[in-house]
Amino acid sequence: MLVEEVMTLLNCQPGCVYVDGTLGGGGHALEILRRTSPDGTLIGVEWDDEAISEACNALREFGERAKIFRENFIHIPSVLKSVKIEQVDGILLDLGLSSLQLAKGERGFSFKEESPLDMRMDQRLAVTAADLVNRLDEKELEDTLTEYGEERWARRIAAAIVQEREKGPVQTTQALRRIVHQAVPRRFHSRKIDPATRAFQALRIRVNNELENLKGISETGWKLLKKGGRICIISFHSLEDRIVKVTFRRLEREGGLRIITKKPIVPSEEERKRNPRSRSAKLRCAEKV
Ligand SMILES: C[S@@+](CC[C@H](N)C(=O)[O-])C[C@H]1O[C@@H](n2cnc3c(N)ncnc32)[C@H](O)[C@@H]1O
């Protein structure tokens, strides 16, 4: 997604070092390695086991030039320390889910598939979406749906979940989807967006601690850049984009960063047609001064 735009902003050069903090299947990383040929280095960080396997395959041809770590991207500073690299030329974060995670129904991210309510991107995380749905009290459920899903019907959905789980635990994506569909008044069911979209987003964000992780790396990532090095962040919903925008602006005022994208870059019409998921993507970039 936004591959050409990211490459232009990162200005990848031979001999330079880049960090991809959300390696996924290795799409952006592959392009960085090609453009930094013959001696550039890519540090790839990813916390999903399955994505790591896919990226290792995709990047095998680059040998030692691609260094891959299974880590949460908030730990990029210690990853760099472990390979004795102090500063890098660019950092990329392409947030959200990979197509692999979405395609694998059994991971529980998609309400279109019947599967256990899991939603952990990193299989080592302790708490699943089912744990939250079955254990949070009604107020906490409502707050989670409001805070992370901006869900207008949070109170009704939380009440419906609590009522339903009295009969037995809510275990699957379809069970949750049915509860949400019944809780949201019929006349507010949109034809374009499934009524369960926001509830699923909210649970996924909480399971994976996504906003806290993003806040953490937005605060600290830029310090790892060389002067003139750039950080690019692609976000997929307004909660993420707000964090990036606000943090970049503050760091600019404090004299650490210069914002390169005054307005976020969005995918071209052609990319939006080719890949409907790209529609909500926003790319922001800033440079260390
Ligand atoms: C949209 S995909 C990246 C796709 C990749 N840019 C490509 O071109 O193939 C996002 C990836 O980031 C990973 N991810 C999300 N949050 C993370 C975190 N805190 N630490 C490490 N990886 C994370 C997800 O597991 C997912 O594989």
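The entries below follow that order.

Entry 1, overall fold. I noted at the outset that I was working with a predicted model. I looked up the secondary structure and found 13 helices and seven strands in the protein. Along the principal axes, the C-alpha atoms fill a box of roughly 60 × 40 × 35 Å. I then asked what radius of gyration a compact globule with 289 residues would have.

I looked up where the ligand sits, and the place is the second largest pocket. I listed 22 residues surrounding the ligand, with His-28, Glu-46, Phe-73, Asp-94 and Gln-101 as the closest. Sorting this shell by class, I wrote down six nonpolar, 12 polar and four charged residues.

I went through the atom pairs and found a nitrogen atom of the ligand 2.8 Å from a polar side-chain atom of Asp-94. On the backbone side, a polar atom of Gly-25 lies 3.3 Å from an oxygen atom of the ligand, and for a polar backbone atom of Gly-26 I also noted 3.3 Å to a ligand oxygen. I then checked the cover: the ligand on its own has 610 Å² of accessible area, of which the protein covers 92%.

I looked up where a cis peptide bond occurs and noted one that joins Ser-37 and Pro-38, with omega at about 10°. Pro-38 belongs to the loop that runs between helix 2 (27-35) and strand 2 (41-46). I also wrote down Asn-11, which is not a glycine and yet has a positive phi of about 50°. Asn-11 is in the loop between helix 1 (3-10) and strand 1 (17-20).

Definitions and conventions: Residues are numbered from 1 along each chain as its sequence is written. This is a predicted model: local features need pLDDT of at least 70, side-chain atom pairs count only at pLDDT 80 or more; totals for chains, interfaces and linings use all residues. Side-chain values use heavy atoms; hydrogens and water are left out. A residue is near a molecule or strand if one of its heavy atoms lies within 4 Å of it. A polar contact is a pair of N or O atoms within 3.5 Å; within protein, one must be able to donate a hydrogen and the other to accept it, and residues adjacent in sequence count only if both atoms are side-chain atoms. Accessible areas come from the Shrake-Rupley method with a 1.4 Å probe; for residues, only the protein chains shown count as cover. On a 1 Å grid over the protein atoms alone, a cavity is a set of points where a 1.4 Å probe fits but cannot get out, and a pocket is an open set with protein on both sides within 12 Å along at least five of seven lines; lining residues have an atom within 4 Å of a point. A molecule sits in a cavity or pocket if more than half of its atoms lie within 2 Å of its grid points. Ala, Val, Leu, Ile, Met, Phe, Trp, Tyr, Cys and Pro count as nonpolar, Asp, Glu, Lys and Arg as charged, and the others, Gly among them, as polar. Helices (H or I, at least four residues) and strands (E, at least two) are DSSP runs, numbered from the N terminus. The radius of gyration is taken over C-alpha atoms; the globule rule is 2.2 Å times the number of residues to the power 0.38.
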